[in-house]
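Here is a note to read with the model open beside you. Take the points one at a time, and find each residue on screen before you move on.

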Amino acid sequence: MARKKIREFAAKSLLKAHIKRLAGIDLPIQVAQFTAETNKSDLLNANPWLASTKLVVKPDMLFGQRGKNDLVGLNLDFNQAIDFATARLNREVTINGCTGPISTFLLEPFVPHSEEYYLSITSTRGGWEVAFSEAGGIHIEENWDKLRTVTLDVLEVSPPGKLTSEQVAPLISGLPLEVKPALERFITAAFAVFHDLDMTLLEMNPWTLDASGQPFPLDMRDPGRQRPALPPGHAGPWAPAASPSPWTCGTLDASGQPFPLDMRVELDDTARYRCAAKWAAGAGPAAQAGPGSSSAPEPSEIEFPLPFGRLLSPAETTIAALDEATGASLKFTVLNPQGRVWLMVAGGGASVIYTDTIADLGFAAELGNYGEYSGAPNTAETYQYARTVLDSATSNTDGRPRALLIGGGIANFTDVAATFTGIIQALKEKAGALQAAKVRIFVRRGGPNWQKGLELMRALGPQIGVPVAVYGPESSMTGICAEAINSLSQA
């Protein structure tokens, strides 16, 4: 499984749509997204509620500590909210050591609340872990003794996605009898959404009861997120507020119902083939996908944003596009553009072994990239992949030798000769750049047609004027890593 975070806008939209579909619970969630590409008039026309309520505006960038960085606007009208966001668009901020521009904001109603509960659902290796506390909010860690957890094996939840009253009972055992039915219904509904959408994490901190006594999620947040310090004498976010305050979480809407504040959701993106249509409920307009997105999504396709502070390089963008267009897997991440060790590795498991070995040998800081190709890419695809990797591996040189490791483990079905043919084509094309960068190549591979593939590699060195050391399955992957590092250490 690949756990991918989604924006808060998407998380709230998914929860609203699917908790109603699966459990008949109609949450009064209202959210809008604002970026540099958003037209103010179009946004208001699409979301007329923005003009009739006080608003909260905050970054939707997968990080916390927003209030501490003057990035949260509270109790604003629509024009004030847009002005607040506009003034902060593309502002560079540093959060936990990561620096990047703010490109996407979320607008929602401004709402206070009293009771605060905590709920999280997490996928585990064999099932799920569900945790609940009646002492949620910013002091959840101080009340950790009140957190109750049940661990569920995948075989214990039958039918799939359906919790029983007996399974929920330990979570709400300390609550008044009159609220237990509503809380049980909400927890089971949240679990149904979690399971149906192939989520890997759902955290609500806090959620509360609305005016009718029905549960409603308020805050689904990153663990450890810090809110602004409270003024002296303020009892905290679960104390009833006599009047709206800039330190409370908002104000009640016209119906008296509280509104969910922050949400943290991760999806298993490998489930796209079966969940794409359901995830579409969390997709925003394509024009609102700001900088920092891995790609601008179509209007009906959910976005998986890059982590805050992470922007794709031209090479990474090229390979990401190749990956989207093929059934194979083509991955490439630049770690150090000036690095002296570069990888062109077949297989995700092999890529981890190569990377860990290089780090163990003391050259982690010199590792130029992390990546892998797998799933039997054809010759044309491996050529494009290799060409892009080589462009990075031969750039930003400093006169010192570099090492390029090609190959991987022993393939089950990938034709080694076919993939090596594409790689060799790229190596020949980049021969001059490889020579100028003083690159030495180390090859290790096994699998279908490996003898022919290695013969082609052995003949390549004299053709391109670059040292090429070639090994078959009789040699270890860690062994050629050590040889490559030794060649750099002795240079």
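The points below go through a sheet, its helices, some salt bridges, another pair of strands and one further helix.

1. A word before we start: what you are looking at is a predicted model. Please keep that in mind as you read each point.

2. Let us begin with an open sheet. Its 4 strands come in the order S2-S7-S3-S4, and the pairing is antiparallel. Strand S2 and strand S4 (73-76) stand at the edges with a single partner strand each, so one side of each has no neighbour in the sheet. On average, neighbouring strands here are turned by 25° against each other, direction ignored.

3. Now look at strand S7, which covers residues 104-109. How many of its residues are buried? The count is 6 of the 6, so S7 is largely enclosed by the rest of the structure. To be called buried, a residue must have under 20% relative accessible area.

4. Next, the partners of S7. Strand S2 (residues 32-35) is joined to S7 by 4 bridges, and the two run antiparallel. You can find Thr35 opposite Thr104 of S7. Strand S3 (residues 55-59) also runs antiparallel to S7, with 5 bridges between them. Here Lys58 has Leu106 in S7 as its bridge partner.

5. Moving along to S4: this strand pairs with S3 in the antiparallel sense over 2 bridges. Leu55 stands opposite Leu76, which belongs to S4. Helix H3 (residues 78-88) packs on the sheet and touches S2, S3, S4 and S7. The direction of H3 makes about 160° with that of S4.

6. Another helix to find is H1, made of residues 8-23. Helix H1 lies across S2, S3 and S7, and runs at about 40° to S7.

7. Let us turn to charged side chains. The model has 24 salt bridges by the rule used here. In one of them, the side chains of Glu8 and Lys58 meet at 3.1 Å, N to O. Glu8 lies in helix H1 and Lys58 in strand S3, so this pair ties together parts that are 50 residues apart in sequence. Are these two residues buried or exposed? Glu8 has a relative accessible area of 5% and is buried. Lys58 counts as buried too, at 5% relative accessibility.

8. Stay with Glu8 for a moment. Its side chain also meets that of Arg66 in a salt bridge, at 3.4 Å from N to O. This pair links distant parts of the chain, with Glu8 in helix H1 and Arg66 in the loop between S3 and S4, 58 residues apart. Arg66 is buried, its relative accessible area being 6%. Which residues belong to the network that includes this pair? Salt bridges with shared partners join Glu8, Lys12, Lys58, Arg66 and Glu108 into one network.

9. Now find strand S13, residues 264-268. Of its 5 residues, 5 are buried, so S13 is largely enclosed by the rest of the structure. Arg264, Glu266 and Asp268 point one way from the strand, while Val265 and Leu267 point the other way.

10. Which strand pairs with S13 over 3 bridges? It is strand S1 (residues 3-5), and the pairing is antiparallel. Lys4 has Leu267 in S13 as its bridge partner. The side chain of Lys4 also meets that of Asp269 in a salt bridge, at 3.1 Å from N to O. Lys4 lies in strand S1 and Asp269 in the loop between S13 and helix H6 (272-279), so the pair ties together parts that are 265 residues apart in sequence. Lys4 counts as partly exposed at 34% relative accessibility, whereas Asp269 is buried at 17%.

11. Finally, look at helix H5, which runs over residues 180-196 and has 17 residues. From its first C-alpha to its last it reaches 24 Å, close to the 24 Å expected at 1.5 Å a residue. Its buried residues include Leu183, Phe186, Ile187, Ala190, Phe191 and Phe194. An α-helix has 3.6 residues a turn, so residues three or four places apart point the same way. Just after H5, Asp198 takes a positive phi of about 55°.

Technical notes: Residues numbered from 1 in each chain as written. Predicted model: local features only at pLDDT ≥ 70, side-chain atom pairs only at ≥ 80, totals over all residues. Heavy atoms only, no water. Buried < 20%, exposed > 50% of the residue type's maximum accessible area, 1.4 Å probe, protein only. Pairing = 2+ DSSP bridges. Axes fitted to C-alpha atoms, helices over the stretch in contact; angles between N-to-C directions. Contact = heavy atoms within 4.5 Å. Salt bridge = Lys/Arg side-chain N within 4 Å of Asp/Glu carboxyl O. Expected span 1.5 Å × (residues − 1).
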